Amino acid sequence: MRRKLRSPLPQRHGLDAVRLRTPAGTSWTTMRDHLVERLPRVDPARIDAMLREQRIVDRDGPIAPDAPYVPESFLWFHRDLPTEVPVPFEIGIVHRDDELVVVDKPHFLATIPRGQHIVQTALVRLRRELGLPTLSPAHRLDRVTAGLLMFVVRPERRGAYQTLFRDRLVRKTYEAVAQYDPQLALPRTVRSRIVKERGVICAREEPGPVNAVTRVELVEHRRGPDGRRLGRYRLTPETGRTHQLRLHMSALGVPILGDDFYPVLTEKPLDDFRRPLQLLASSLEFTDPVTGEERSFRTRIALESFTSYAAWAGS
């Protein structure tokens, strides 16, 4: 097995350096010329500054601004970070050992760096807070969903745990709060076809072969202070399509409280932390691929909207 090439640059803010491999051929005179073409979203003046500041390196150290182009070589550098709104909620540690870290991710915190969310992500924050630079996620949760999220401590174990989730060998349950409809017959298993197009923010259901299956159960219901009745639901997905639970609840006529996507897309500023989506990853159960033991984790978060709807809705 080919050994992964180690970066000569240390992590910065819990983030690994970007690695680029230069292509074969000699279409460029200098490394600078190649980087300008390779990174069209970066101002050429910024690339010049990074070269002057010795922030772009190869295996032998910083490359000079006029360094000649070398095909099939490797370069490393740290990207400039976007301005991010801090997510003002702590990550709760549910379990930690030499192999796994299981946490309660708060609402509004992305799992991994992507787009506008880089440092304000569960992975980057945990790497820094726990001093575990090689920590990696075994699976993901949507930014607006709270609850159990599992990370792998040792890089050589990552594949084994990620395969559990890929092959649907982890038994997962979720909790949701939505309006209560006495005419809705539950429990039931919802089956549909969900399609998510690249570049389109919302997924949709359409006719065709079923690829999304969710068991929906009503745990309890009560009347809120405003007279409306709310239900607390247990959701057990058999598949893992994008926004599956949110789409299936909306299709049943009881969209999850706080859902800004379904049934109607509503734009919400990234710094608005009011009225979080009332969806919680509540349990994870699986046979550990390393030790063979049965693992079971339960969230310590509660969806407070079910007991304090008036205060939550008015926040």
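This text walks through a predicted model of one protein chain, from its overall build to its details.

Start with the whole chain. It holds 315 residues, and 45% of them are buried. Its secondary structure comes to six helices and 16 strands. Along the principal axes, the C-alpha trace spans about 75 × 45 × 40 Å. Now look at the contacts between residues at least 6 apart in sequence. Of these, 63% join residues at least 24 apart.

Next comes the inside. The largest nonpolar core has 35 residues. Seven of them touch the most other members: V101, L135, F151, Y233, L235, M249 and L279. Several elements each supply at least two residues of this core: the strands β6, β8, β9, β14 and β15, and the helices α3 and α5. Helix α3 gives the most, with four residues. A second, separate core has 15 residues, including W28, M31, I47 and L75.

Leave aside residues up to four places away in sequence. V101 then touches I93, H95, R96, L130, L132, L135, L149, M150, F151 and V153. Two of these names, L135 and F151, are also on the list of core residues that touch the most other members.

Move on to helix α3, residues 122-130. Is this helix largely enclosed or largely open? It is largely enclosed by the rest of the structure, because seven of its nine residues are buried. They are A122, L123, V124, R125, L126, R127 and L130. These buried residues pack against β5, β6, β7 and β8. Just after α3, G131 takes a positive phi of about 65°.

Helix α4 covers residues 158-166, and its buried residues are Y161, L164 and F165. Why do they lie on the same side of α4? They cover an arc of only 95° around the axis, so they share one side. An α-helix has 3.6 residues a turn, so residues three or four places apart point the same way. Just after α4, R168 takes a positive phi of about 60°.

Now look for empty space. Rolling a probe the size of a water molecule over the atoms shows where such space is left. A search of the whole structure finds one cavity of 30 Å³ or more.

I56 counts as buried, because its relative accessibility is 3%, under the 20% cut-off. Beyond its neighbours within four places in sequence, I56 is in contact with L35, M50, L51, G61, P62, I63, W76 and F77. I56 and H78 are 22 residues apart in sequence, yet their C-alpha atoms are 7.9 Å apart in space.

Q54 is found in the loop between α2 and β2 as well. Q54 counts as exposed, because its relative accessibility is 53%, over the 50% cut-off.

Another loop residue is V210, between β12 and β13. V210 is partly exposed, with a relative accessible area of 49%. Its contacts beyond four places in sequence are R191, S192 and R193. V210 and R191 are 19 residues apart along the chain, and their C-alpha atoms are separated by 6.3 Å.

Finish with the backbone. Most residues other than glycine have a negative phi, and most peptide bonds are trans. Which places here depart from that? Q54 has a positive phi, near 60°. R275 has one too, of about 45°. R275 sits in the loop between α5 and β15 and counts as partly exposed, at 32% relative accessibility. Then come the cis bonds. The peptide bond from L186 to P187 is cis, with omega near 5°. P187 lies in the loop between β9 and β10. A cis peptide bond also joins Y262 and P263, with omega about 5°. P263 is in the loop between α5 and β15.

Note on methods
Residues numbered from 1 in each chain as written. Predicted model: local features only at pLDDT ≥ 70, side-chain atom pairs only at ≥ 80, totals over all residues. Heavy atoms only, no water. 1 Å grid on protein atoms, 1.4 Å probe; cavity = no way out; pocket = protein on both sides within 12 Å on 5 of 7 lines; lining within 4 Å. Points joined across faces, edges and corners; volume = space filled by probe spheres on them. Buried < 20%, exposed > 50% of the residue type's maximum accessible area, 1.4 Å probe, protein only. Arc of directions from axis to C-beta. Contact = heavy atoms within 4.5 Å. Core = buried A, V, L, I, M, F, W, Y, C linked by side-chain atoms within 4.5 Å.
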